[in-house]
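Hi,

Here is the structure I promised to pass on. Have a look at it first, and then read on for what turned up when I went through it.

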Amino acid sequence: LIKAQREVAAYERKRDAMKGKVNAAETTRVGSASIFGAETIGQKLYNAARFAQAGAREAAFKTELAMVERQILGFKEEFGTEMYPVFQ
């Protein structure tokens, strides 16, 4: 019980940190320079690349967050299956 609780708590802290990274990446992506504010085609291409890079970073963080949430669920399911016979 204590082991499962510690593992879940550790992954929940990691999940909270990942949520912060996702929010920061989303803010960065939204705040990145728009192609409409650029004057030259080079600036527009540069801004479009920055926007795409920020979107890719945000997607990577969201994927990692989903994996951490799945690990938390797995620990909880494993704990439940181990404790079910005890309560029978």
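Let me start with helix 2: at 1.5 Å a residue, its 43 residues should span 63 Å, and the end C-alpha atoms are 63 Å apart, so expectation and model agree. Keep in mind that this is a predicted model. The same check on helix 1 takes 30 residues at 1.5 Å each, which should span 44 Å; the end C-alpha atoms of helix 1 are 43 Å apart, which agrees.

I72 and Q43 are 29 residues apart in sequence, and their C-alpha atoms are 44 Å apart in space. For A59 and F75, 16 residues apart in sequence, the C-alpha to C-alpha distance is 25 Å.

Now for how the two helices sit together. Helix 1 covers residues 2–31 and helix 2 covers residues 41–83; they pack at an angle of about 165°, with their axes 9 Å apart. Because the cut-off for roughly antiparallel is an angle over 145 degrees, helix 1 counts as roughly antiparallel to helix 2. The crossing of helix 1 past helix 2 is left-handed. What kind of residues make up the contact of helix 1 with helix 2? They divide into 14 nonpolar, two polar and 13 charged.

Next, the buried positions. In helix 1 the buried residues are A4, V8, M18, V22 and A25, and what covers them includes helix 2. In helix 2 the buried residues are N47, A54, E58, L65, V68 and I72, and their cover includes helix 1. As background for reading those lists, an α-helix has 3.6 residues a turn, so residues three or four places apart point the same way.

- Apart from neighbours within four places in sequence, E58 is in contact with A25, E26 and R29.
- V68: also placed in helix 2, V68 has 2% relative accessibility and therefore counts as buried. Leaving out neighbours within four places in sequence, V68 is in contact with Y11, K14 and R15. The C-alpha atoms of V68 and D16 are separated by 10.0 Å, although the two are 52 residues apart along the chain.
- I72: this one lies in helix 2 and is buried, with a relative accessible area of 5%. Not counting residues up to four places away in sequence, I72 touches V8, Y11, E12 and R15.

If you put the contact lists side by side, Y11 and R15 are among the partners of V68, and Y11 and R15 are also among the residues that I72 touches. A25, one of the partners of E58, is itself on the list of buried residues in helix 1.

I2, found in helix 1, is exposed, with a relative accessible area of 52%.

Cheers

Notes
Residues numbered from 1 in each chain as written. Predicted model: local features only at pLDDT ≥ 70, side-chain atom pairs only at ≥ 80, totals over all residues. Heavy atoms only, no water. Axes fitted to C-alpha atoms, helices over the stretch in contact; angles between N-to-C directions. Helix = DSSP H or I, 4+ residues; strand = E, 2+ residues; numbered from the N terminus. Parallel < 35°, antiparallel > 145°, perpendicular 65-115°, else oblique. Left-handed = near helix turned anticlockwise from the far one by under 90°. Nonpolar A, V, L, I, M, F, W, Y, C, P; charged D, E, K, R; others polar. Expected span 1.5 Å × (residues − 1). Buried < 20%, exposed > 50% of the residue type's maximum accessible area, 1.4 Å probe, protein only. Contact = heavy atoms within 4.5 Å.
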